[in-house]
Amino acid sequence: MNRTQPHLTIVIPCYNEQEVLNETIDQLTLVLHQLTLEKLLAPSSKLLFVDDGSIDNTWKIIARSSTKNKYVTGLRLARNVGHQTALLAGLERAQKDCDCAISIDADLQDDISVIRDFVEKYQDGYEVVYGVRHSRKTDTYFKRTTAQSFYKLMGKLGINLVYNHADYRLMSCRVLKQLSKYREVNLFLRGIVPMIGFRSTEVLYDRKERYAGETKYPLKKMLSFAFNGLTSFSVAPIRFITMIGFTLFFLSGIAGTYAIIQKLFGVTDAGWTSLMISIWFIGGLQLMGIGIIGEYIGRVFMETKKRPKYAIDVDLYTNKDPLSYLK
Ligand code: UDP
Ligand code: MG
């Protein structure tokens, strides 16, 4: 592993990013070029674009620029598998020949000038460098508060997350090798990377607005991402249901005793309302419990099948004629 002049691969998952991609390629090329000139990076360093089954011209842009730009290479996945899995595909490919890899989004929201700091930290001997946001002022109020509560909840459950860190980070080849041993289908990278350990540090940066195009993370995807993170690291939701179950059992015992005593003293209530309410209440609770348990069983089911997470359609590392794939 080369610490002084490492071979860096920057992994960039892209899904329908034709509006920003040319700009992203230009800006990242400049950064790589500058750092190789200063001998901070090996000249073989690469920009690895992972096309996550885009339906616009994303792949065309990647393939074309790979013929002109020596830094650019790419993978095209056989279909859209989502940001986390696309990123993983890139990292697994990068791990074969790099000393370290940086993951970054395609939309230039993350400040690329700190790539230099990432590399310097790596040279100082750190294995993981987390890009951490100074502030979340470019986010909507809603996203800020929901993100905050998510971090709090995960923290309470004892899950180690780096605050205000998305997937902008550097990982050394040792960490990447370890990462590739985690074979779970639902890989929540932000939770797994701190779990792997090794010497790590943080670099602060400001996150900007998207350069162009639209977010590919609408509310529904964001919620499912958070839920995924929670349930793949903790069985606390199941425990929560069990606790409620126990509490209700205990309370119903007290209520039952009270009713029997009332009966013995000849006082009876005609309690339709309370009866209905408790039936709905218990029924709802049971369904909720079954739902949560079902979610976990579903996960076990998915994991036991050991399906491959993605398929690579085109690999520009090995492909001699990238343009042959453009129709
Ligand atoms: N992305 C992807 N596959 C998807 C959705 C998104 O590879 O199914 C990529 C997208 O192209 C971008 C990154 O993941 O490079 C983050 O997406 P986005 O910027 O839309 O998310 P946000 O910054 O709004 O959370
Ligand atoms: Mg973005």
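Me: In what order do the 8 strands of the open sheet stand?
Reply: This is a predicted model, where local features need pLDDT of at least 70, side-chain atom pairs count only at pLDDT 80 or more, and totals for chains, interfaces and linings use all residues. Residues are numbered from 1 along each chain as its sequence is written, while chains are lettered from A and ligands numbered from 1 in the order in which they are written. Strands are DSSP runs of E, at least two residues, numbered from the N terminus, and two strands pair if DSSP finds at least two bridges between them. The pairing is mixed, and the order is β7-β5-β6-β4-β1-β2-β3-β8.

Me: Which strands stand at the edges of the sheet?
Reply: Each edge strand has a single partner, so one side of each is left without a neighbour in the sheet. The two are β7 (200–205) and β8 (312–315).

Me: By how many degrees are neighbouring strands of this sheet turned against each other on average?
Reply: Axes are lines fitted to C-alpha atoms, for helices over the stretch in contact, and angles run from 0 to 180 degrees between N-to-C directions. For this average, direction is ignored. The value is 20°.

Me: Which residue in β8 stands opposite L75?
Reply: Strand β3 (residues 72–77) pairs with β8 in the antiparallel sense, over 3 bridges. Opposite L75 stands D315.

Me: What angle does helix α2 make with β3?
Reply: Helices are DSSP runs of H or I, at least four residues. Helix α2 (residues 58–68) packs on the sheet and touches β1 (8–14), β2 (46–51) and β3. Contact puts C-beta atoms, placed from the backbone, within 7 Å. The directions of α2 and β3 make about 145°.

Definitions and conventions
Two residues are in contact if their C-beta atoms, placed from the backbone, lie within 7 Å.
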